[in-house]
Amino acid sequence: TVEDWLRSPLSIPYRHLWQPVGKDQPTSMVTLSGEHQPLSVAAATRNLPGVSLVDKVSSVSELLGRYRRWGGPVLLAVGGVIFLVLAWHYPLRAATRVMLPVVLAEGISLGIFGYVGESVTLFAIMGWGLTLGIGINYAIFLYEGRGRAPSTTAGVLLSAATTLLSFGLLALSSMPALRQFGLALFTGIAVAVLFAPLALEEKVST
């Protein structure tokens with residue numbers, strides 16, 4: 001019987017593939033190796049009685065895809081909350097100018113993804129979320145440091161450079177998840193610091 005076999009030393013390498021034998025019917029897990037098509041395996045096992053396919057890769061991909069679909073609206077909501085806080089702290093015109101650079105950065109970065117044919121995954125949205133949190137600071141620092149522009153500008157450029165060197169270089173990674181995260185950060189931060197001076201008020205000559 002299966003119970004006798006599981007008690008045998010011969011079953012030691014395979015015991016982890018069996019559900020403990022009790023009152024229920026014994027259950028065994030068979031691992032697949034080699035090249036195979038998940039869709040074909042799923043179709044082949046769909047109508048077999050007592051057989052269930054466990055595809056961890058597909059289940060994780062489906063979970064990440066669900067998070068990705070929620071990531072976009074959540075990112076927009078967070079951006080809206082940030083703008084409301086800025087509008088409460090600054091005049092509306094100033095809040096708009098402070099928010100504009102990071103909005104342009106997110107939009108241009110998304111456009112670059114489309115231009116190079118890179119898929120928008122959860123990791124890209126995570127990069128844009130970090131870009132939103134970091135990029136808005138560049139405009140705030142420049143706006144708040146109007147009276148000491150040289151030192152403030154140097155600080156913003158140094159901060160952007162360290163971010164690009166630490167996170168942005170992940171865009172060169174051969175791992176897709178890290179590459180998309182790094183590409184989103186690199187393009188977003190670069191554009192955010194480039195357009196950060198838009199937060200400064202224009203001087204009106206008389």
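Colleague: Let's start with Thr152. Where is Thr152 placed?
Modeller: Thr152 sits in helix 6. Keep in mind as we go that this is a predicted model.

Colleague: Okay. And is Thr152 buried or exposed?
Modeller: Thr152 counts as buried, because its relative accessibility is 12%, and the cut-off for buried is under 20%.

Colleague: What does Thr152 touch, if you skip residues up to four places away in sequence?
Modeller: Phe141, Leu142 and Gly145.

Colleague: Staying with helix 6, how do the axes of helix 6 and helix 7 cross?
Modeller: Helix 6 covers residues 149-166 and helix 7 covers residues 176-195; their axes come within 10 Å and cross at roughly 170 degrees. Angles over 145 degrees count as roughly antiparallel, so that's what we call helix 6 and helix 7 relative to each other.

Colleague: Which residues make that contact?
Modeller: From helix 6 you have Val156, Leu157, Ala160, Thr163 and Leu164. Helix 7 brings Leu185, Phe186, Ile189, Ala190 and Val193.

Colleague: Let's look at Gln180 then. Where is Gln180, and is it buried or exposed?
Modeller: Gln180 is in helix 7. Its relative accessible area is 7%, so Gln180 is buried.

Colleague: What does the side chain of Gln180 make a polar contact with?
Modeller: With the side chain of Glu118, at 3.1 Å. Leaving out neighbours within four places in sequence, Gln180 is also in contact with Phe113, Ser119, Thr121 and Ala124.

Colleague: New topic: rings. How many aromatic pairs does the structure hold?
Modeller: It holds 4 aromatic pairs. One of them is Tyr90 with Tyr143: the ring centres are 4.9 Å apart and the planes are at 65 degrees, so the pair is edge-to-face.

Colleague: Where do those two tyrosines, Tyr90 and Tyr143, sit?
Modeller: Tyr90 is in the loop between helix 3 (56-89) and helix 4 (92-116), while Tyr143 is in helix 5 (residues 122-144). They're 53 residues apart, so to speak, and the pair links distant parts of the chain. Both Tyr90 and Tyr143 are buried.

Colleague: What about Phe167 and Phe181?
Modeller: Phe167 and Phe181 form an edge-to-face pair too, with 6.3 Å centre to centre and 75 degrees between the planes. Phe167 lies in the loop between helix 6 and helix 7 and Phe181 in helix 7, so the pair ties together parts 14 residues apart in sequence.

Colleague: How do Phe167 and Phe181 count for accessibility?
Modeller: Phe167 counts as partly exposed, at 33% relative accessibility. Phe181 is buried, with a relative accessible area of 16%.

Colleague: Last ones. Where's Gly34, and is Gly34 buried or exposed?
Modeller: Gly34 is in the loop between helix 1 (2-7) and helix 2 (38-45). At 58% relative accessibility, Gly34 counts as exposed. The C-alpha atoms of Gly34 and Glu62 are separated by 23 Å, and those residues are 28 apart along the chain.

How values were computed: Residues numbered from 1 in each chain as written. Predicted model: local features only at pLDDT ≥ 70, side-chain atom pairs only at ≥ 80, totals over all residues. Heavy atoms only, no water. Axes fitted to C-alpha atoms, helices over the stretch in contact; angles between N-to-C directions. Helix = DSSP H or I, 4+ residues; strand = E, 2+ residues; numbered from the N terminus. Parallel < 35°, antiparallel > 145°, perpendicular 65-115°, else oblique. Contact = heavy atoms within 4.5 Å. Buried < 20%, exposed > 50% of the residue type's maximum accessible area, 1.4 Å probe, protein only. Phe/Tyr/Trp six-rings, centres within 6.5 Å; stacked < 30°, edge-to-face > 60°. Polar contact = N/O pair within 3.5 Å; in protein donor to acceptor, adjacent residues only side chain to side chain.
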